[in-house]
Amino acid sequence: MGEPLYEDMAPNQAADALDAFIAERCPAMEQLCSIMTARGLDPEALLHGACESVEPVWEWITTQATELGADPRPLAEDPTRPTWPSWARHGMLVDPHPRAETIALVDGFTSYLAQIITTAAPHAHWRVGAHRIGCYPMLNYPVLAAEHHQIFLPAIPLYSVYQSAHGRDPMSGTEMLAHTRRTITALRGEGPVADATEEPLATVVAEIDCFDVGLRADLVGKRPDLIQRLITELADRDGVISIYRYGPEALVVDAPSWDETRLKLWLTLWLQRNLHTNG
């Protein structure tokens, strides 16, 4: 497919990818407005900039993503791939993947989220993702950052439209609004979300014929039910053969068709969604 993943980029490549991502923000917003207009909606009424508008906008995008479903072609054979935004071409997408129309909606929503979040947290700025911990899941990604927090804005929306495309439970508008508010709080350096960013939610080490997974040590104490729910949902994913829990926060995952990056991103995004929900 030709283009490097963020995880494999050299520093100069990551800097160029950040510039490309930033340059795409205005065109992506314009495309979202055009799509809404074509569907008979008034983008000025929906995209009015208040944080609360995230909820109905995301509900509408989720409906579109569910109707569009997954693209039947493998990633390597999808002729729309060159038209995707740079973050989707450089990111870890897997099959069956959402259609190009859905990815465009996520791209536009990313631009809208950026407007809302940077208005509420004006000290946040774009930068290349970096961390003192080498296994940081957003390494080299274009992130919105402040002193206490970094976030790759397309990650959670993309996770959710994958859920929609696969007929699973996507994030509701209420969940997306709560995620947006938590992000603003963290980028302001306030609250437990900011305090917890020093350690990754999950670490993954590729062993012979399996993956050794470590989950952040405080997760079981905060949510005793969480790890078993994670195991149940991960075991249901295509390509996952077995999961063995050998400690409170330690798993062995047998998933021969997965790689370390894919598993790490799945675990991180699942935990980001489910840590703050009750079911």
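These are my notebook entries on a predicted model.

**Ground rules.** I number residues from 1 along each chain as its sequence is written.

**Entry: His90.** I looked up His90 and found it in helix 5, residues 86-90. Helices here are DSSP runs of H or I, at least four residues, and strands are runs of E, at least two, numbered from the N terminus. Is His90 buried or exposed? His90 counts as buried because its relative accessibility is 9%. Buried means under 20% relative accessible area, exposed over 50%, and partly exposed in between, using a 1.4 Å probe and protein chains only. I then listed what His90 touches, leaving out residues up to four places away in sequence: Glu3, Pro4, Leu5, Tyr6, Met9 and Ala17. Contact means heavy atoms within 4.5 Å. The His90 side chain also reaches the backbone oxygen of Pro4, at 2.8 Å.

**Entry: helix 7.** I checked residues 155-165 next. Eleven of the eleven residues of helix 7 are buried, so the helix is largely enclosed by the rest of the structure. Its buried residues pack against helix 4 (54-68), helix 5, helix 6 (100-120), helix 8 (173-187) and helix 12 (260-274). Gly167 follows helix 7, with a positive phi near 75°.

**Entry: aromatic pairs.** I searched the whole structure and got eight aromatic pairs. Rings of Phe, Tyr and Trp (its six-membered ring) pair if their centres lie within 6.5 Å; planes under 30 degrees apart are stacked, over 60 edge-to-face, and the rest tilted. Tyr6 and Phe152 make an edge-to-face pair, 6.2 Å centre to centre with 70° between the planes. This pair links distant parts of the chain, 146 residues apart. Tyr6 lies in the segment before helix 1 (11-23), and Phe152 in the loop between strand 3 (149-151) and helix 7. Both Tyr6 and Phe152 are buried. Trp266 and Trp270 are stacked, at 6.3 Å and 20°. Both lie in helix 12, four residues apart, about one turn of the helix.

**Entry: cysteines.** How many disulfides does the structure hold? I found zero. A disulfide needs two cysteine sulfur atoms within 2.5 Å. For Cys33, the nearest cysteine sulfur is that of Cys26, 11 Å away. Cys33 is partly exposed, with a relative accessible area of 25%.

Definitions and conventions
This is a predicted model: local features need pLDDT of at least 70, side-chain atom pairs count only at pLDDT 80 or more; totals for chains, interfaces and linings use all residues. Side-chain values use heavy atoms; hydrogens and water are left out. A polar contact is a pair of N or O atoms within 3.5 Å; within protein, one must be able to donate a hydrogen and the other to accept it, and residues adjacent in sequence count only if both atoms are side-chain atoms.
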